[in-house]
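Please read them beside the sequence and the coordinates.

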Amino acid sequence: MTHASHDTDAGRFGSFGGCFVPEVLRPALEEIAEAWERYGDDADFREELAHYGRTYVGRPTPLFEATNLTEHLGGARIFVKLEGLAHTGAHKINNALGQALLAKRMGKTRVIAETGAGQHGVATATAAAALGLECEVFMGAVDARRQVPNRFWMECMGATVRQVHEGTATLKDAVNAAMRHWTERIEDTHYLLGSALGPHPYPTMVRTFQAVIGRELREQLAERGVDRPHTIVACVGGGSNAIGVFHEFVGDADVRLVGVEAGGRGTGRGDNAVRMSGDGRPGIVQAYRSLFLLDDDGQVLPTHSVSAGLDYPGIGPELAHLGTTGRIDFASATDDETLAAVRLLAQKEGILPALESAHAVAHATKLAPDLTHDDALVVNLSGRGDKDLFIMAEALDRDAWRAFLRDELARMDADDEANA
Amino acid sequence: MTPPPNEQAPNEPARASTERPADRLRAKLAERGATGLMAHLVAGFPNRAATIDAARAIEAAGADVLELQFPFSDPLADGPVVLQACQDALDAGTDHAAFLGMLEEITRSIRIPTVVMTYANVPFVRGFASFARELAAAGATGLIVPDLPHTEPEFAEFRAALGDAGLSYVPVVAPTSTPKTIAELAEVADTFLYVVVRLGVTGRASTIDDAVRTRLAEISAITPHPLAAGFGIQSGEQVRSLAGHARLAVVGSKIVTTIREHADAPGPAVESLVRSLVGD
Ligand SMILES: Cc1ncc(COP(=O)(O)O)c(C=O)c1O
């Protein structure tokens, strides 16, 4: 049995994938599929993207050998791929720029996007500003509240942020709202979807834009004399950073690939976002067939994670397929394990991971001791932690943080009074 | 394509043994008349009693078809009004059993045909064949599923399941549908086509102008099936301006809004609204 992921012409990964959009959107998806077919392999397009990658994004991102962490845990040699050093602080920019360039070639003047953590929204606002596109970002009201800095930066770059109050007011509802809006503005608008999911051709297209992570990783490991990593670990929300780093290695049967989902507060219903290693069921939701957290009637269940970017009930169809065939293993890390991992990586290596990425770190700390120093364990650090200041400070240093916020408010009030 | 066994009982009168649910819908559409109404309800919004009350009012006011939405948590094609109603209905406990119970009671108490509308995941998770059989047994005549395109491999199984249960499949035609697509949709239809007259989702008002009527005429030139025109129809004037171009006008958000405003006993308000829409 081969584990290489074959996309059929209909955008299927095994039985997963497909294009389950309302009829009004079908032509728009066909248009993107055609553009993707035309430009995906086009030398000019790829060179333009690579140019932005080198001169704007900061590619290649470093591969850092975390020797202190390695020593601390004892076992595998740990490497971290620092996607957080990419412009805007996460891997999301790889896809945002790719799709924004494609949108321009398609003659679109506007992009819309959904965002959870705000990282994809920021990446989209950034790409739109750089390429002269209008930008509107849909963000669940709950996420907008817990990711104030990113909302602020998006608006700073000229994007309009629309808060979504429907449903659970998180990422999935932002996706719904963006799709709905798209049905009114297909002519001039490209929907810049942020993860390797949704209707065909997004899963394939987004994976291709993110696959640069894995390609660089192979080269960088070779430069350190590592022929093949033993294990690669990545966090999984929709799955774009994971499939991006895994894709290059899917054909190397001896490389273990591990996706880490949000274990949240625990195993109760609505307390996590564990689909592959938990209760995910086959479904057709948000225009693709995959595994989702559903009740017996097929209604989408609420999810929870300390990280907004992993707080999503579905998973990209390619990962669902490779998980089902056993090529990719899945695990989960709880909120508490994740916060501990943030602190550990910060103290041992001076690296502040995004809460999403810290899930991968947390799991890696469990795997490392069982491996030997001949084994390279790679953690894809999909993003850096700056955006999570408000969440991490509250969780890790609550009293001091509260005092700071109170003082800031008092200072601003005093300023206002003085100026009144 | 055999009807469920209980309809084949040898001692049943001939009509019952041969009539399939879809036939009742087809017969209704074949009745002559001006543009009639397909009135949309979200099952369980705000509760079971109100839904049944509204369904009776819809028939009493002279609508031709009832469209009953099985609420789904992530309804991609619906605007804020229907979306919120779906969420409220789910929060109020409208699960599979509750939906079927309501459908059964409604179809027992009204004579106009009921068409169910829902999203792909609901029948998919239940199993297409079981879902179709359950709907037929509860008295539905057809099904609308906007996010299960005829171009996906799953569609064949879904369509066959409806056929086996004797239910009609009602495809949705969009403003973006090409003549080729319309022809394909007409091919898989068996009673009528649901034509969305403008871009976007349900809820916002549409203008029924010459462009809309021309579009309907173009579609009618491709398919012999009658058409239902919907999305943004909110007044009797709009309904009447479809005369000769669509057999049915679909009204959804306006009815849902009326129910929200008269949540305790929506019957009278819904009846007077529907009368104003049908009024000729
Ligand atoms: C830093 C970071 N990592 C991971 C994710 C999860 O997305 P994906 O699974 O598509 O990589 C997000 C999403 O916002 C993110 O911001």
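The points below take up the basis of the model, the contact of the chains, the sheets, a helix pair and the local backbone.

1. Basis. This is a predicted model, in which local features need pLDDT of at least 70 and side-chain atom pairs count only at pLDDT 80 or more, while totals for chains, interfaces and linings use all residues. Residues are numbered from 1 along each chain as its sequence is written, chains are lettered from A and ligands numbered from 1 in the order in which they are written, and side-chain values use heavy atoms, with hydrogens and water left out.

2. Contact of the chains. Chain B contributes 40 residues and chain A 34 residues to the contact, where contact means heavy atoms within 4.5 Å. About 3000 Å² is buried between chain B and chain A, with 55% of it on carbon and sulfur atoms; buried area here is the accessible area (1.4 Å probe) that two parts lose on being put together, summed over both. Of the area that chain B buries against chain A, 21% comes from B:D74, B:L76 and B:F124, more than from any other three residues.

3. Salt bridges. Four salt bridges are counted between chain B and chain A, and the side chains of B:E152 and A:R12 meet in a salt bridge at 2.6 Å, N to O. A:E83 and A:R59 also form a salt bridge, with the closest N and O atoms 2.6 Å apart; this pair links distant parts of the chain, 24 residues apart, since A:E83 is in the loop between β4 (77–82) and α4 (92–105) of chain A and A:R59 is in the loop between α2 (43–57) and β3 (63–65) of chain A.

4. Sheet of chain B. Nine strands of chain B make an open sheet with parallel pairing, in the order β5-β4-β3-β2-β1-β9-β8-β7-β6. Helices (H or I, at least four residues) and strands (E, at least two) are DSSP runs, numbered from the N terminus, and two strands pair if DSSP finds at least two bridges between them. The edge strands, each pairing on one side only, are β5 (168–169) and β6 (172–173) of chain B. Two bridges hold the parallel pairing of β6(B) with β7 (residues 193–196) of chain B, and B:V173 stands opposite B:V195 in β7(B). Helix α12 (residues 253–261) of chain B lies across β1 (36–42) and β9 (248–251) of chain B, at about 50° to β1(B); axes are lines fitted to C-alpha atoms, for helices over the stretch in contact, and angles run from 0 to 180 degrees between N-to-C directions.

5. Four-stranded sheet of chain A. This open sheet has the order β7-β6-β5-β8 (chain A), again with parallel pairing. At its edges stand β7 (160–164) and β8 (189–191) of chain A, each with a single partner strand, so one side of each is left without a neighbour in the sheet. The average twist from one strand to the next is 25°. Strand β5 (residues 110–115) of chain A runs parallel to β8(A) and is joined to β8(A) by three bridges, with A:H190 as the bridge partner of A:V111. Helix α8 (residues 171–182) of chain A packs on the sheet and touches β5, β6 (134–140), β7 and β8 of chain A, its direction making about 160° with that of β5(A).

6. Helix pair of chain A. Helix α16 (residues 389–396) and helix α17 (residues 398–419) of chain A pack at about 125°, with their axes 5 Å apart. That makes α16(A) oblique to α17(A), because angles under 35 degrees count as roughly parallel, over 145 as roughly antiparallel, 65 to 115 as roughly perpendicular and the rest as oblique. The residues in contact are A:L389, A:F390, A:A393, A:E394 and A:L396 of α16(A) with A:R398, A:W401 and A:L405 of α17(A).

7. Local backbone. The peptide bond joining A:R59 and A:P60 is cis, with omega about -5°, and the bond from A:H200 to A:P201 is also cis, with omega near 10°. A:P201 is placed in the loop between β8 and α9 (202–210) of chain A. A:Q286 is not a glycine, yet has a positive phi of about 50°, and A:Q286 lies in the loop between β11 and β12 of chain A.
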